[in-house]
Amino acid sequence: MNKWIIAGVLLATAGMLQAKQLKKPDENTLWLEDGKEIGTGARPGRGHWLKSDKLEIKSGENGRGFSFFARGMDGKTAAVVDLSPEYPYFTFRITGIELLNGYRNWTMFMQNGFSTSQVTAPEKGIYVYDLYQNLPEKERAGKISNLFVHLYHLRLDFEYMKLVKKPDYAVRAECSDPEIKPGSKVKFTAELAKEAEDVAITLMTTGHPRPVNVNGKMKIQLKPADKTQKIWTAEVEIKSIGIKKAARRFGLFMKMDVLGGDLEEPVWVGLPYPVAP
């Protein structure tokens, strides 16, 4: 069984496990996969992942979290997830990684145009994506999608995957241009669950994660917006950006590093704008 928390209880079709589905676990969360009673079936569904001979899926120790493990090429799975503009943030936390010999990659994507990946040297941390910011109108109407996961020569341990109204940690970029390019003005706003001593972001490539300089600097320093020390901002006029070819929407991360508070790992936030050099 699996605990995709969305709505009701669905009896699995022939060849599938029965899938336990519950209403939202809290007001902030539309659905949650936390690894408890995780299960697979002959096809993707609400409540279970697609079974694959090339990808091992199992709960973590003591039922905490879960792992996907592909010993070879193209281990893949998928599950059916609900989507809603009221719950725009897809987030997951990678807590452990095992790298095997060969080409290493993890990729996730949905049918609404969301896609992200890392290769060669994937990173632990919290990952956050606003699925609706800058999403074309024709793709905003979808209320359901498959969430596809592909792995190559890799094990990933997750604490959770979920869709929420507001994550504990996020960075929001705002730009009046349809794409970020030299001449664009971008406001970055970091929102934290607890006060911090210092917050900075670094633009990073997806695929093989590498830092991207902005105006000749690797880090964008944020400043506290008020006395709470939970909201940090920076307004940047882009004069130069260190990429050789254009990046698609979510083609770069805004990697947030926080000093103080309770974060001991980076937060990787998908940049929801295409970027041109």
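**Entry 1: cavities**

I looked up the largest cavity in this predicted model and found a volume of about 50 Å³. I then listed the lining of this largest cavity: Tyr89, Asp130, Gln133, Val171, Arg172, Ala173, Met254, Val269, Gly270 and Pro272. Sorted by class, the lining holds 6 nonpolar, 2 polar and 2 charged residues.

I asked which strand gives the most to the lining of the largest cavity. The answer is E13, with 3 residues. Strand E13 (170-175) and strand E21 (267-270) each contribute at least two residues to this lining.

I moved on to the largest pocket and noted a volume of about 380 Å³. Its lining comprises 15 residues, of which Thr205, Thr206, Arg210, Ile243 and Lys245 are the closest to the centre. By class, I found 6 nonpolar, 6 polar and 3 charged residues in the lining of the largest pocket.

For the second largest pocket I noted about 330 Å³ of space. Of the 18 residues lining the second largest pocket, Arg93, Ile126, Tyr160, Asp168 and Tyr169 are the closest to its centre. I recorded 8 nonpolar, 2 polar and 8 charged residues in this lining.

I also checked which strands take part in the lining of the second largest pocket. E7, strand E10 (125-130) and strand E12 (154-164) each supply at least two residues. E12 gives the most, with 4 residues.

**Entry 2: Thr91**

I selected Thr91, which is located in strand E7 (residues 89-99). Is Thr91 buried or exposed? I read a relative accessibility of 3% for Thr91, and Thr91 therefore counts as buried, the cut-off being under 20%.

I then looked for polar atoms around the side chain of Thr91. A polar atom of this side chain lies 2.8 Å from the backbone oxygen of Tyr127. Leaving aside residues up to four places away in sequence, I listed the contacts of Thr91 as Ile126, Tyr127, Val128, Tyr160, Met161, Lys162 and Val164.

I traced its pairing with strand E6 (residues 75-82), where the two strands run antiparallel and are joined by 8 bridges. Within E11, Phe148 stands opposite Ala78. Strand E8 (residues 105-110) also pairs with E11 in the antiparallel sense, over 6 bridges. There I noted Asn105 opposite Tyr152 in E11.

**Entry 3: a four-stranded open sheet**

I followed an open sheet of 4 strands with antiparallel pairing, in the order E13-E14-E19-E18. I asked why one side of E13 and of strand E18 (223-224) is left without a neighbour in the sheet. Both strands stand at the edges and each has a single partner strand, so one side of each lacks a neighbour there.

Lys223 stands opposite Thr233 in E19. I returned to E13 at the other edge and noted again that E13 gives 3 residues to the lining of the largest cavity.

Conventions:
Residues are numbered from 1 along each chain as its sequence is written. This is a predicted model: local features need pLDDT of at least 70, side-chain atom pairs count only at pLDDT 80 or more; totals for chains, interfaces and linings use all residues. Side-chain values use heavy atoms; hydrogens and water are left out. On a 1 Å grid over the protein atoms alone, a cavity is a set of points where a 1.4 Å probe fits but cannot get out, and a pocket is an open set with protein on both sides within 12 Å along at least five of seven lines; lining residues have an atom within 4 Å of a point. Grid points are joined across faces, edges and corners, and a volume is the space filled by probe spheres set on the points. Ala, Val, Leu, Ile, Met, Phe, Trp, Tyr, Cys and Pro count as nonpolar, Asp, Glu, Lys and Arg as charged, and the others, Gly among them, as polar. Buried means under 20% relative accessible area, exposed over 50%, partly exposed in between (1.4 Å probe, protein chains only). A polar contact is a pair of N or O atoms within 3.5 Å; within protein, one must be able to donate a hydrogen and the other to accept it, and residues adjacent in sequence count only if both atoms are side-chain atoms. Contact means heavy atoms within 4.5 Å. Two strands pair if DSSP finds at least two bridges between them.
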